[in-house]
Structures are given as structure tokens and as C-alpha cells.
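Open the model in your viewer and keep the sequence panel beside it. The stops below say what to select and what is found there.

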Amino acid sequence: MMRINPSFLRILTSVLILGGHMMASGQTLPDKAKVLKDMELANAYFVKKWPDPGLPIVMDKVRTSNLWTRAVYKEGLMEFYKITKNPSYLAYMTEWGERNKWGLWFGKESRHADSQLAGLTYLDLYLIDQKPERIADIKYNIDKMVNSDKKNDWTWIDAIEMSMPVFAKLGVMYNDNRYFEKMHELYLHSRDVEGGGLYNKTEKLWWRDKDFVPPYKTPDGKNCYWSRGNGWVVAALVKVMEIIPENSPHYNEYKKDYLDLMAALLPLQREDAFWNVSLADPNHFGGKELSGTALFCYGMAWGMNKGWLDKKKYLKPTVNAWNAMVKDGLHTDGMLGYVQSTGKEPKDGQPLSYDKIANFEDYGLGCFLLAGTEIYNLKKK
């Protein structure tokens, strides 16, 4: 019987995993250079389409470029910049802020969460170059909320991501727990009060808003949980816990909600490694969807990088999700397919496909960049 040299087997294994890193669980870690290349490709596609970051977006109506969709992209681009230090990314974000005069979509008097996410990038840019005008409007805006008794602003779960990290960032920057306490009040209203509570404590998933709380059901009689909506909650919790100190008030509460959500999402992943638009009902607009998948991938990779999620359990689903998005969603020119257009529920923007362009392409890219940065940061141990 022929014996195979163990050294030959090790060499063969290295060849077969194509330059990746084999983890203890047997899952191949994506090659870092390839991850960067794919992120650069997707970003370059968008920048080529939008070389002027301050240009208004003209569709059914004119929107200034500090709207929430573009702010999600800038959030992802900022994380990408942190690992690449590419000066063109910093210049693009800075020009975006300058062209919008560091203002908010609905103005500094509005409490609407969709208007506030741009402020997260403004705050990051301020920390790089501390020009007061960069944060004047967003600080005024959030301070006004902190100093009021109203706490029912976040009536839809997307708002948690659009606003919550801004409160967290200001609380750390000014060493002021009032931001943390107001953020917690707003979060609790969404989770436990709005519509009877938008968080299902049994299934550990979130309804998008009170319109989807039971008795509303999918046609098959199941609870309707929107993929991207739950993705926004994932992103919010990750960003907040990344920003605030671990001894901050309510940190452990956010951690528990995050871990419960991760555990609930894991068995809902499709065989092709995407998640359905309607999480709990594959017959309700089932099919690949990239933005929600990217946010779940982001959250799971972050949790493993944090040491909170067991790699034996989460690594394969997470890496498979990233590989699936690259293989089935990323075009050779950098376009991202299977991104659901803006909306609030599974039926919006349907049907999805590889070649269909979302009505706004920026937030899908932002989600993809968030996922890619955490995939890039995954370690072998």
C-alpha cells in the first residue's frame, strides 16, 4: 500500500484552498487581497457613476445627497477607509460633507432619524480634522432631542440604525452619559412599546413597524420579518457596541439583544448562503437578497472578531454568505445585483435579479463594504 508523504499533503491542501487560510473548523478564510479587490471594484463602480459626491439625486423628485441612502454608503466607505487609508476615499467623503455644508437632509430642527445618519460620517471626519462646522448641525440636532422628554421618535426599526450610533458617538466624544440615556430611552420605545413592541421576544426577530405586528401575517400565516429591517438593527447594535465603552450603561442589554438576534438568524439562512427578503417565510417573496445578507454577514463577522460568536458555529455561514454575494451578486464592472430597492416590506422592489439595478445603489454598496471590512478583519484563530 502506497504511503503519501505528509509534507506533500500539506502542500496540496494549501494549493486547494487557493491562497486562503484554513481555519480550525475546516472553513477556508477568504483571501484578504481578494476581499479588498472586490470591495474596491464595487466602490469604483459607484464613484464612476457619481464622481461628484455632492450632486443631488434626481428621480421621482430631487433629493440632496445627504439623504439616508447615501449616508449608509458613507458609513461603509468610512470603515473601508480605516483599513485601506486610501486618500481618495477620505477626499470623496470630505467633499460630500462640504458640498452639503455639513447639513442634515431635513435640516437641523428635524427629529427624523433618516436625516441623522449623515452626522455619523461628519463626526468621524471631524475626529480626523477638527473643524467645528463639521459637527455643528448634527450636535445641535441631537442635543435638542437629548434635552426633550419625547421618546417615541423611532417608530420603525430602520431608525435605530439611522440615529442610534450618532448618539453613541457624541456620548463618547463629550464623555456625557446623557446621550447614552436618551439613546436607550428611544431604543426601548421601539423594542418594547411601539405597536406593543417591535421585537418578538420569543422568536428574537424584529417587526419593521407596527403595521407588521400580529395579527398581520404572511399569506402562509407566518410572522413577517423583513430582512433588511432586521439588518438595520444588527448594524445599529454592532456600531453602538463598537463605539461605547463596555462598562457603559445598558451595554450588556445591547449585547444580549445582539447575541439573541444572531442566534435567531443562523437557522434562517438559505442553502445558497443568502437570506430571504421575508425571513421566516421562504414562500413570501423568497429568493436571494444582498443588502440584508450583507448586514447579517457584517454582524456575524464582527461578533467572531469580538470573540463573542463561536467560529465553529458561525464561521462557515458567514464566509459562505460573503462568497455568495461576490459570486452571485458582484458584476465584473462592480455593480451589485439582488439588492432590494427602498421600501418597508418584502414585496417592495420585487422581483429581484442579478441584472436588476436598485432604485438607489448606494445603501446596498454601504452594506457590502461593512460586511467586507469585517470579513477582511477575520483572523485565523
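Start by selecting Ser291, which lies in helix α11 (residues 290-306). Helices here are DSSP runs of H or I with at least four residues, strands are runs of E with at least two, and both are numbered from the N terminus. Ser291 counts as buried because its relative accessibility is 0%; buried means under 20% relative accessible area, exposed over 50%, and partly exposed in between, with a 1.4 Å probe and protein chains only.

Before moving on, note that this is a predicted model, in which local features need pLDDT of at least 70 and side-chain atom pairs count only at pLDDT 80 or more, while totals for chains, interfaces and linings use all residues. Residues are numbered from 1 along each chain as its sequence is written, and side-chain values use heavy atoms, with hydrogens and water left out.

Stay on Ser291 and show side chains. Its side chain and that of Glu289 are joined by a polar contact of 2.7 Å. A polar contact is a pair of N or O atoms within 3.5 Å; within protein, one must be able to donate a hydrogen and the other to accept it, and residues adjacent in sequence count only if both atoms are side-chain atoms. Not counting residues up to four places away in sequence, Ser291 touches Arg228, Val339 and Cys367, where contact means heavy atoms within 4.5 Å.

Next, select Ile57 in strand β3 (residues 57-58). With 3% relative accessibility, Ile57 counts as buried.

Now turn to the helix pairs. Two packed helices are described by the angle between their axes and the distance between the axes. Axes are lines fitted to C-alpha atoms, for helices over the stretch in contact, and angles run from 0 to 180 degrees between N-to-C directions.

Select α5 (residues 118-128) and α7 (residues 158-173), which pack at about 25° with axes 9 Å apart. That angle makes α5 roughly parallel to α7; under 35 degrees counts as roughly parallel, over 145 as roughly antiparallel, 65 to 115 as roughly perpendicular, and the rest as oblique. From α5, Leu120, Leu123, Asp124, Tyr126 and Leu127 meet Pro165, Val166, Lys169, Leu170 and Met173 of α7.

Then select α6 (residues 136-146) and α8 (residues 177-193), whose axes are 10 Å apart at an angle of about 70°. This makes α6 roughly perpendicular to α8. On the α6 side, the contact is made by Lys139, Ile142, Asp143, Met145 and Val146, and on the α8 side by Arg178, Tyr179, Lys182 and Leu186.

Finish with the backbone in the loops. Pro214 and Pro215 are joined by a cis peptide bond with omega of about 25°, and Pro215 sits in the loop between β6 (205-206) and α9 (227-243). Another cis peptide bond joins Gln350 and Pro351, with omega of about -5°.

For the last stop, select His250, in the loop between α9 and α10 (251-265). His250 is not a glycine, yet has a positive phi of about 75°. Its relative accessible area of 23% makes His250 partly exposed.
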